[in-house]
Amino acid sequence: MSEPARRSALAGHARAGRFGACPDDLPGVVLAECRPRSMVQVSGAPQPEVLAEALGVPRADVNPNRIFDAGAVHYAWNGPGRWLAESTEHAPGALVGHIEAALRPHGASTTDLSHARTVVRVSGPAATDLLAKLCPVDIEALRTGDSAVTLAGPFNVQIVKSGDEAFRLYVFRSFGLAMWEMLRDEAAEFGGEIVLPE
């Protein structure tokens, strides 16, 4: 059975180009949609030491409020015993099967979220300033590799700090366009650029 057709919540709304203040200067904020092939919510995951052993990764890599990689799968903490797994290589069904094979013996459950989230990358020298306006958590205190569940404006989001000046925001797909428009509007004062996914 073929994978169902997938349409981005931002299709037809995200247009490449500069916007906001000082359009001739380097943008302070760059917005781009990310499109991982698959996303799976893992619930009831075992304690970090058991999880690390089950996934074949060093124990030191698996910690609350952090991210880690296990082969081609990227895991981001999003609550006690909860991890959001994503992959650009595995199809949704294959990712679910891969995780269940490793974690079901330890009581974990999986939910395919591949069609249920919009993911936006926020980067640039003013990315931290932009998110500090919108989020109640201390954005400046986040380290690269941190993962936090919080708000961005009125939207429940998971934020992963993916680099020195880069963040990934995960939101329910039904709120994807509204969050995108909020980010674009709030980024205008810093000067912004929209980059389309490849």
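A polar contact is a pair of N or O atoms within 3.5 Å; within protein, one atom must be able to donate a hydrogen and the other to accept it, and residues adjacent in sequence count only if both atoms are side-chain atoms. The model is predicted: local features need pLDDT of at least 70, side-chain atom pairs count only at pLDDT 80 or more, and totals for chains, interfaces and linings use all residues. Residues are numbered from 1 along each chain as its sequence is written, and side-chain values use heavy atoms, with hydrogens and water left out.

**View 1. Serine 43 in strand β3 (residues 38-43).** Strands (E, at least two residues) and helices (H or I, at least four) are DSSP runs, numbered from the N terminus. The side chains of serine 43 and arginine 82 are joined by a polar contact of 3.3 Å. Leaving aside residues up to four places away in sequence, serine 43 touches Gly81, Arg82, Ala108 and Ser109 (contact: heavy atoms within 4.5 Å).

**View 2. The buried residues of helix α1 (residues 48-55).** Pro48, Leu51, Ala52 and Leu55 are buried (under 20% relative accessible area, 1.4 Å probe, protein chains only). They lie on the same side of α1 because they cover an arc of only 100° around the axis, taken from the directions from the helix axis to the C-beta atoms. Their cover includes β4 (67-70), β5 (73-79), β6 (82-87) and α2 (92-103). Glycine 56, with a positive phi near 70°, follows α1.

**View 3. The packing of helix α3 (residues 127-134) and helix α4 (residues 176-187).** The axes are 10 Å apart, at an angle of about 115°; axes are lines fitted to C-alpha atoms over the stretch in contact, and angles run from 0 to 180 degrees between N-to-C directions. Leu130, Leu131, Lys133 and Leu134 of α3 meet Met182, Leu183, Glu186 and Ala187 of α4.

How values were computed
Buried means under 20% relative accessible area, exposed over 50%, partly exposed in between (1.4 Å probe, protein chains only).
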